[in-house]
Amino acid sequence: MKEAKPTRAPRGGYKTVLVLILALVAAGALLWGLLSTGGGSERNNPQGQATFKVEQGPLAISVAQSGTIQSMNQVVIKNEVEGRTTILYLVREGTRVEKGDLLIELDASRLQDDMIDQQIRMMNSEAAFIRARENLEVVRNQAQSETERAELDAQFAAEDLKKYVEGDFPKDLMAAEARITISREELRRAEEKLEWSRVLFEEKYISQTELQADELAAQRAQLDLDLALAELELLQNFTYRRKLDELRSQEHQTAMALERVRRKAAADVIQAEAELRARDSEYQREQMRLKKIEEQIAKTRIHAPNAGLVVYATSTQATFRGNVEPLAEGQEVRERQELIYLPAPGSVKAEIKVHESNLDKVAVGMPVRITVNALPGRVFEGRVANIAPLPDAVSVWLNPDLKVYNTDIEILGNAEGLRTGMSCRAEILVADYDEALYVPVQAVTRIDGVPTVYVRKGGQFAPRTVDVGLDNNRMVHILDGLAVGESVLLTPPLESSRPRGAGQTGSQAGQPPGGGRG
């Protein structure tokens, strides 16, 4: 059995690997050389640390952010139909429309059915309102009639009492007294006649029968007198009091009945009025509902409020899951959903988001240079028009640690070629110095909160406190503490940025060996 010979890699493979290794080494050496020699930096010092020579010259402080071109005067078309509806017709995106042109037509079949039902309810409500209105008039007339009748009864009762006290009783009293007077006179005459009859009887001029007739007449007269006296006593002590109490009670009862009738009439009228108001309110509510449905039907056809270029809202919206579904016919839309943007031509702005760390640098009115990816080589001038007072809610929701503020940049001069939705980059010019000392931002650290740089002294680096101004994320303006040509350490010790304390000594808190604060 023969041994298998080991396979050899082809010479070409080794050469290729060697060439790649040499190329990588050469590129690394070239990059290191560029970093150590360019931009005012020195080559590595004996300790192998990168440095930078302090330079003096023009320094521009700016804040650059990416953003989007938007219309300055943009009309947002929203769905104002309640609930969810379906798009039946949709104008094509990018179409330039005039005022009054139809943009969107939504499904109105459900609303039309609701309108027919509402019309029936409104007619029933109108009939109830008319019935309540007529019923109020009937109740008012009936209340007036019953009140007048009760008032007449009370008036008659009062008049009956007055009539009896001032008319009937004095008349009955006078009649009784007259009967007594007559009875007394008749009794006197009967008694006188009886005496004469007795004398005549004794003289035998009249018979016994005639005498007995005169005695009977005298007795009748006496009885008439007693009867008249009894009637007077009955009238004064019983009939008068009873009749007076009866008439007074009747007067009181009719007065109370009048009060009851008045209250009941007022209550009936108030109830009828309340019923009318309720039916009126219900009728008006049904009318408003019908009007609202008619307005909703009218809102299913959305027309352009002004001339502009049609941009679908979904084309500029995005979520953390990606872009939203494009707007299209047959799609369901919800109430208050943004559908179309109509940017006014010739008036655009740039929208950017400024990080919270740059808010102290940016102010309204600062000049801005704007470049657009779609228009290479062109630079547009602008100014900061508005800075939002609160951070962007969407960014905070996506990342609670990210606080950015929406900022509007007004584009000045000729904005020809700019269209809504274009990507751009805005550079806000915070300050521009003709002669300024500056060092890279990574060369400045903070010791106990004080800006500090490490400056070469002989073969060592010593910390020195400096007064710094603004930075442009690359270079920081040195106001005091350094001179032109001094070398500073680009990579300060990490321990130097820690505050003193927490169980550390002075040298452990960031002081280099053998060095102090400069």
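**A look at the core**

Modeller: Let's begin with the chain, bearing in mind that this is a predicted model. Of the contacts between residues with a separation of 6 or more, 76% link residues 24 or more positions apart. The chain has four helices and 25 strands, and 32% of its 518 residues count as buried.

Now to your core. The largest nonpolar core has 28 residues, and the ones touching the most other members are Ile69, Ile370, Ile411, Leu418 and Ile428. Six strands each give this core at least two residues: E3 (55-71), E15 (348-355), E16 (367-372), E17 (375-387), E18 (404-411) and E19 (423-440). E19 supplies the largest share, with seven residues.

Leaving out residues up to four places away in sequence, Ile411 touches Ile69, Ile370 and Leu418, along with Val348, Lys349, Ala350, Phe380, Glu381 and Gly382. Ile69, Ile370 and Leu418 are also among the residues that touch the most other core members.

Apart from this core lies another one, of 21 residues, including Leu103, Leu111, Val310 and Leu342.

While you have the view open, have a look at helix H3 too. H3 covers residues 208-299, 92 residues in total, and spans 129 Å from its first C-alpha to its last, close to the 136 Å expected at 1.5 Å a residue. Follow H3 along to Leu235 and you'll find a bend of about 45°.

Conventions. Residues are numbered from 1 along each chain as its sequence is written. This is a predicted model: local features need pLDDT of at least 70, side-chain atom pairs count only at pLDDT 80 or more; totals for chains, interfaces and linings use all residues. Side-chain values use heavy atoms; hydrogens and water are left out. A nonpolar core is a set of buried Ala, Val, Leu, Ile, Met, Phe, Trp, Tyr and Cys residues joined through side-chain atoms within 4.5 Å. Buried means under 20% relative accessible area, exposed over 50%, partly exposed in between (1.4 Å probe, protein chains only). Contact means heavy atoms within 4.5 Å. The expected span of a helix is 1.5 Å times one less than its number of residues. The bend at a residue is the angle between axes fitted to the seven residues ending there and the seven starting there.
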